[in-house]
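Dear colleague,

I am handing over the structure below, and I would be glad if you kept it open while you read the notes that follow it.

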Amino acid sequence: MKTAPAGEDGNKQRSRRRLTVAVKNSLRELRTQLSLLHHQVSTHVELNDVDLDCLELITRLGPISPSALARATGLHPATMTGIIDRLQRGGWAVRERDPEAADRRAVTVRAVRDRNGELLKLYSGMNSALDEICADYTEAQLELLADFLSRATAAGVDATRDLTER
């Protein structure tokens, strides 16, 4: 097997490190921009940023128990109660009795579907831009990007859980 000269190997390693740093920097920039977009959306619908985060989770994972939502977010259950109260007062979510729970006091929280359109309209500019960006990639490239983003998200979940458990 032919091996690359030490200089060429070193150049490849430096190039890979530069690319890895560029990916990490781009993810940080994306996180900042999405956070700013998210803040603007939350302002338009008169919710706190964290309330909108929780609404997103309720929409994706729900119906969900308040304790499961607290675990998913790393927030204290008492904090979650306040968030759910605000979402319910705003007409974004409802608490419902959990018919499958042994404890008759158990509830789940679900998003009010009739309100989804308001949020989708506010995110429509970003969604359209992403559609245009994705149109420039092949199916194989999109699969690679989806895999990377899925793995990066899982790493974020793990890092959040580690900090929550400290």
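**The cavity and its lining**

In this predicted model, the largest cavity is lined by Leu 55, Thr 59, Trp 92, Ala 111, Val 112, Arg 115, Asn 116 and Leu 119. A cavity here is a set of points, on a 1 Å grid over the protein atoms alone, where a 1.4 Å probe fits but cannot get out, and lining residues have an atom within 4 Å of a point. The search of the whole structure finds one cavity of 30 Å³ or more, and about 30 Å³ of space lies in the largest cavity. At least two lining residues come from each of helix H2 (49-61) and helix H5 (116-135), where helices (H or I, at least four residues) and strands (E, at least two) are DSSP runs numbered from the N terminus. The lining has five nonpolar, two polar and one charged residues.

**How to read the values**

Residues are numbered from 1 along each chain as its sequence is written. Because the model is predicted, local features need pLDDT of at least 70 and side-chain atom pairs count only at pLDDT 80 or more, while totals for chains, interfaces and linings use all residues, and side-chain values use heavy atoms, with hydrogens and water left out.

**Salt bridges**

A search of the whole structure finds seven salt bridges (a side-chain nitrogen of Lys or Arg within 4 Å of a carboxyl oxygen of Asp or Glu). One of them joins Arg 95 to Asp 85, with the closest N and O atoms 2.7 Å apart, and this pair links distant parts of the chain, since Arg 95 is in strand E1 (residues 93-97) and Asp 85 in helix H4 (residues 77-89), 10 residues apart. Arg 110 likewise forms a salt bridge with Glu 96, the closest N and O atoms being 2.7 Å apart. Arg 110 lies in strand E2 (residues 107-111) and Glu 96 in strand E1, so this pair ties together parts that are 14 residues apart in sequence.

Within helix H6, Asp 147 and Arg 151 lie four residues apart, about one turn of the helix, and they form a salt bridge whose closest N and O atoms are 3.6 Å apart. Arg 151 is exposed, with a relative accessible area of 60%, whereas Asp 147, at 38%, is partly exposed (buried means under 20% relative accessible area, exposed over 50%, and partly exposed in between, with a 1.4 Å probe and protein chains only).

With best wishes

Note on methods: On a 1 Å grid over the protein atoms alone, a cavity is a set of points where a 1.4 Å probe fits but cannot get out, and a pocket is an open set with protein on both sides within 12 Å along at least five of seven lines; lining residues have an atom within 4 Å of a point. Grid points are joined across faces, edges and corners, and a volume is the space filled by probe spheres set on the points. Ala, Val, Leu, Ile, Met, Phe, Trp, Tyr, Cys and Pro count as nonpolar, Asp, Glu, Lys and Arg as charged, and the others, Gly among them, as polar.
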